Amino acid sequence: MRKLRAAGRFLKSRTVLDELLDAGLRYAPEYRGGLSSHLPMALGALHDLGADDDRLRAFFDHYVGRLEPATRAGKPLVEWTAQLGRVDAFADLLATFQAMLAEEGMGPVLNRVLPRLMPGVGAAAFHGLIRTAYAISAGHAGEVAAGLAYWACRHLPLVPRDTPPQSANIQHDPAAWMRELATAMAGTPIDGDLIFERMRLVAESEHFARHANALLIDDNTLRALADFAAERYTATRNFTVLHLVTSCHAMRVLMPWLDKRDAALRCYARAYAAGCMASGIA
């Protein structure tokens, strides 16, 4: 039922939020050398918190001053997966997903595209995932296309092979899992100005490869990860950890379109672990 309700939101009447999300598509998804635009997600959050139309417009006018205009119109691709991880392909990926959504509707597109994107779910420090989820919640087809395109062009596979756990124990508790991983990686340099750069460096470590799959995946996994992220953010106010909080929510939004949920959660858990190590708070 939830899946049907979300798909049906594309039929709702237009609002100021829709108009501002439309206008936001005129801007690139990144600015200042790789910072992710939070404009669509912030507008959606303000709307859900009860902001009126004037407040939404004021935030839009304030935020777009930092953004960069989209440089070109894209052309639909014959095979979009060939462009995974190519940030310069964003415009073409956007045009591709816009065409797919117009022809097939949201449900079929998400069912087919999300499993292909999940191995790189840490893309742009989860911003592709989060932007897609906010777009679905807003019922905005253009934003769904933009979220998928951003996720695809910044696709970030972390431990792409299904490496069996080699740690001493399979962990049920994310906190214990992170302590074990942090101990194994102690002394490993993790540098980089951007979160996703540090996540990539984390995943290159042999210690990460041995421990990244050591969390038990079951029906309680996502709640346990969300609880750990919330506890760590409350304790540290670490900006990287905030992305773990919001990405857990985004995963919950997307779960209805992920039939192989254990596999999807395994991909997410690995990226989550890389995010924890990149933050230095585990």
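This is a predicted model: local features need pLDDT of at least 70, side-chain atom pairs count only at pLDDT 80 or more; totals for chains, interfaces and linings use all residues.
Glycine 50 follows H3 and has a positive phi, near 100°.

**Close-up of the nonpolar cores.** The largest nonpolar core comprises 80 residues, of which Phe97, Phe208, Tyr268 and Tyr272 touch the most other members. Helix H14 is the leading contributor to this core, giving twelve residues.

**Close-up of the surroundings of phenylalanine 97.** When neighbours within four places in sequence are left aside, the contacts of phenylalanine 97 are Trp80, Val113, Ala145, Leu148, Ala149 and Ala152. Phe97 is one of the residues that touch the most other members of the largest nonpolar core.

**Close-up of the packing of helices H10 and H14.** Helix H10 (residues 195-203) packs with helix H14 (residues 261-279) at an angle of about 110°, and their axes lie 8 Å apart. Because angles of 65 to 115 degrees count as roughly perpendicular, H10 and H14 are therefore roughly perpendicular to each other. On the H10 side, the contact is made by Ile195, Arg198, Met199 and Val202; H14 supplies Ala271, Ala274, Gly275, Met277 and Ala278. Seven residues of this contact are nonpolar, one is polar and one is charged.

Definitions and conventions. Residues are numbered from 1 along each chain as its sequence is written. Side-chain values use heavy atoms; hydrogens and water are left out. Axes are lines fitted to C-alpha atoms, for helices over the stretch in contact, and angles run from 0 to 180 degrees between N-to-C directions. Helices (H or I, at least four residues) and strands (E, at least two) are DSSP runs, numbered from the N terminus. Angles under 35 degrees count as roughly parallel, over 145 as roughly antiparallel, 65 to 115 as roughly perpendicular and the rest as oblique. Contact means heavy atoms within 4.5 Å. Ala, Val, Leu, Ile, Met, Phe, Trp, Tyr, Cys and Pro count as nonpolar, Asp, Glu, Lys and Arg as charged, and the others, Gly among them, as polar. A nonpolar core is a set of buried Ala, Val, Leu, Ile, Met, Phe, Trp, Tyr and Cys residues joined through side-chain atoms within 4.5 Å. Buried means under 20% relative accessible area, exposed over 50%, partly exposed in between (1.4 Å probe, protein chains only).
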